[in-house]
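Open the model in a viewer and keep the sequence panel beside it. The stops below are given in the order in which to select them.

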Amino acid sequence: MKKYLLVLLWALLVGSSASAQELAVSQGFSFAVITPGTPTTGADSLPGLQRNIRQTNRDNLAFVVSQGIKTDTESCSDALYNTRQSALGRAKNGLIVTLTAADWMSCKRQNGRSAAIDRLSRLRELFFVGDFSQGSTRIPLIRQSIIPKFRLYGENTRWKMGKVLFATLNLPAPNNHYLAQAGRNSEFEDRRVANREWLNKLFLLANSNQAKSIVVFADANPLMPHSSETMEKLPARRDGFIEVRQQLLRLAKQFSGRIVLIHRSPPFSAPNASAGSLHWEGN
């Protein structure tokens, strides 16, 4: 069994008495989580991404989620974005991208100023349009951008497999792109509203459709509060995840099924695994 599947099944298994094999069978399908890899500074992560895609192509998977398209040491150029889009397009299974901070939040211009907003807009144009996933097996997706008020947020998607509802959420680590500078925090504020509405809709659908599980893919783990030491280093000592954490905990109390959060943030690391860090939360 491939490493990415082992990590995935471990994430689903936490808090359950069933074995990994029993859980996979009960769900009726398998899916994989991949990342571009973690190369040394200046190295190209494309070979790692291509290798992960080739590995998943050998398996009959319901879909594949790519958590990010690059590392934070790589360029944020259109050329790199286009190369990654081409690589992901070679997936034989349906492939869904979820953004990480390395894809856009850490991007800089030549003068050192942030290029985050521009790069986020470009990523949305390239990766988050249309009604289907990438890959040869096209998975029908519902994007938040179909709602006129949230037309920018195509990266927030959802899809359903059996009694499991899946969703992606743009939550960049380490602090949700919260900025302390006056007048420069509109991206955080607007996305916070969009994410709140997306999660409310997700849990409403799960309850009305009697879903057994909700699986959310994100970059950060909003359920892990910052330590006092970390808070001292944050802009204005403000936790950028406090609202979404409170919302998730409140919604979890109203949902009787299992909730799985698959993310890339420590401390829940999975050594030697391409799926990165994972965490489970539920009632």
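Select Glu125 and Arg122 to begin: they form a salt bridge, with the closest N and O atoms 2.8 Å apart. A salt bridge here is a side-chain nitrogen of Lys or Arg within 4 Å of a carboxyl oxygen of Asp or Glu. Both residues lie in helix H6, three residues apart, about one turn of the helix. Helices (H or I, at least four residues) and strands (E, at least two) are DSSP runs, numbered from the N terminus. Glu125 is partly exposed, with a relative accessible area of 49%, and Arg122 is partly exposed at 24%. Buried means under 20% relative accessible area and exposed over 50%, with partly exposed in between (1.4 Å probe, protein chains only).

This is a predicted model, in which local features need pLDDT of at least 70 and side-chain atom pairs count only at pLDDT 80 or more, while totals for chains, interfaces and linings use all residues. Residues are numbered from 1 along each chain as its sequence is written, and side-chain values use heavy atoms, with hydrogens and water left out.

How many salt bridges does a search of the whole structure find? The search finds 13.

Two further salt bridges can be picked out next. Glu197 pairs with Arg196, the closest N and O atoms being 3.8 Å apart. Glu197 counts as partly exposed at 34% relative accessibility, and Arg196 is partly exposed as well, with a relative accessible area of 36%. In the pair of Arg238 and Glu243, the closest N and O atoms are 2.6 Å apart. Arg238 counts as buried at 19% relative accessibility, whereas Glu243, at 25%, counts as partly exposed.

Centre the view on Phe127. Its contacts (heavy atoms within 4.5 Å), leaving aside neighbours within four places in sequence, are Ile69, Tyr81, Arg84, Gln85, Leu88, Val97, Gln134 and Arg143.

Select Glu187 next, in helix H7 (residues 186-208). Is this residue buried or exposed? Glu187 is buried, with a relative accessible area of 11%. Its side chain makes a polar contact with the side chain of Arg191 (2.7 Å). A polar contact is a pair of N or O atoms within 3.5 Å; within protein, one must be able to donate a hydrogen and the other to accept it, and residues adjacent in sequence count only if both atoms are side-chain atoms. Beyond four places in sequence, Glu187 is in contact with Trp104, Ile117, Leu120 and His177.

Move to Thr157 in strand S5. Thr157 is buried, with a relative accessible area of 1%. Which side chain does the side chain of Thr157 meet in a polar contact? The partner is the side chain of Thr168, at 2.8 Å. Not counting residues up to four places away in sequence, Thr157 touches Ile96, Ile142, Arg143, Phe166, Ala167, Thr168 and Trp198.

Ile147 is partly exposed, with a relative accessible area of 37%.

Zoom out to finish. The protein has nine helices and nine strands, and 53% of its 283 residues count as buried. Of the contacts with a separation of 6 or more, 70% come from residues 24 or more positions apart.
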